[in-house]
Amino acid sequence: QEIALRHTRLKKNTTDRVESAPFIPLRYILAFAAVINETTKPYLAAHGHEALEVEKMHRAWCKSVQLQVTLWSQPYTSTTLAPNEW
């Protein structure tokens with residue numbers, strides 16, 4: 001949850017004391033999950049693993065990303081954020 005909060009206006013740029021975008025919209029996080037999942041499978045396959053092993057690793061990776069995105073989205077559903085901060 002702390003990582004998720006660092007993407008919202010509640011903690012963005014305060015923990016690490018950097019100047020960056022004021023917040024990361026939820027739609028960017030959701031869209032990034034698809035991109036990171038698609039680019040991972042060729043990376044796994046390029047290291048000489050058998051196809052079935054690559055498929056198992058990729059499924060595990062996708063489950064992990066889905067769980068992380070689910071956890072990261074919680075602060076965006078909080079009533080402390082305005083709709084334009086999602």
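**Buried, exposed and in contact**

Guide: Start with H58, which counts as buried because its relative accessibility is 10%. Buried means under 20% relative accessible area, exposed means over 50%, and partly exposed lies in between (1.4 Å probe, protein chains only). This is a predicted model, where local features need pLDDT of at least 70, side-chain atom pairs count only at pLDDT 80 or more, and totals for chains, interfaces and linings use all residues. Residues are numbered from 1 along each chain as its sequence is written, and side-chain values use heavy atoms, with hydrogens and water left out.

Visitor: What does H58 touch?

Guide: H58 is part of helix α3. Leaving aside residues up to four places away in sequence, H58 touches N37, T40, K41 and L44. Contact here means heavy atoms within 4.5 Å.

Visitor: Why is W61 called partly exposed?

Guide: W61 has 36% relative accessibility, so W61 counts as partly exposed. That value lies between the two cut-offs, under 20% for buried and over 50% for exposed. W61 is also in helix α3. W61 touches I36, N37 and T40, again not counting residues up to four places away in sequence. W61 and N37 are 24 residues apart in sequence, and their C-alpha atoms are 7.4 Å apart in space.

Visitor: What makes T77 count as exposed?

Guide: T77 counts as exposed because its relative accessibility is 59%. The cut-off for exposed is over 50%. T77 lies in helix α3. T77 and L26 are 51 residues apart in sequence and 9.7 Å apart in space, C-alpha to C-alpha.

**The helices**

Visitor: How many helices and strands does the protein have?

Guide: There are three helices and zero strands. Along the sequence the pattern is α-α-α. Helices (H or I, at least four residues) and strands (E, at least two) are DSSP runs, numbered from the N terminus.

Visitor: How do you know whether the length of α3 agrees with its number of residues?

Guide: The expected span of a helix is 1.5 Å times one less than its number of residues. The 27 residues of α3 should therefore span 39 Å, and its end C-alpha atoms are 39 Å apart, which agrees.

Visitor: Which residues of α2 are buried, and what do they pack against?

Guide: The buried residues of α2 are L26, I29, A33, N37, T40 and L44. They pack against α3. The buried residues of α3 include V54, H58, C62, V65 and V69. An α-helix has 3.6 residues a turn, so residues three or four places apart point the same way.

Visitor: What share of the protein is buried?

Guide: Buried residues make up 28% of the 86 residues.

**The largest pocket**

Visitor: What makes a space a pocket?

Guide: The search uses a 1 Å grid over the protein atoms alone and a 1.4 Å probe. A pocket is an open set of points with protein on both sides within 12 Å along at least five of seven lines. The largest pocket holds about 190 Å³ of space. Of its 11 lining residues, the closest to the centre are I29, F32, Q68, V69 and W72. Lining residues have an atom within 4 Å of a point. The elements giving two or more residues to this lining are α2 (26-45) and α3 (51-77).

Definitions and conventions
Grid points are joined across faces, edges and corners, and a volume is the space filled by probe spheres set on the points.
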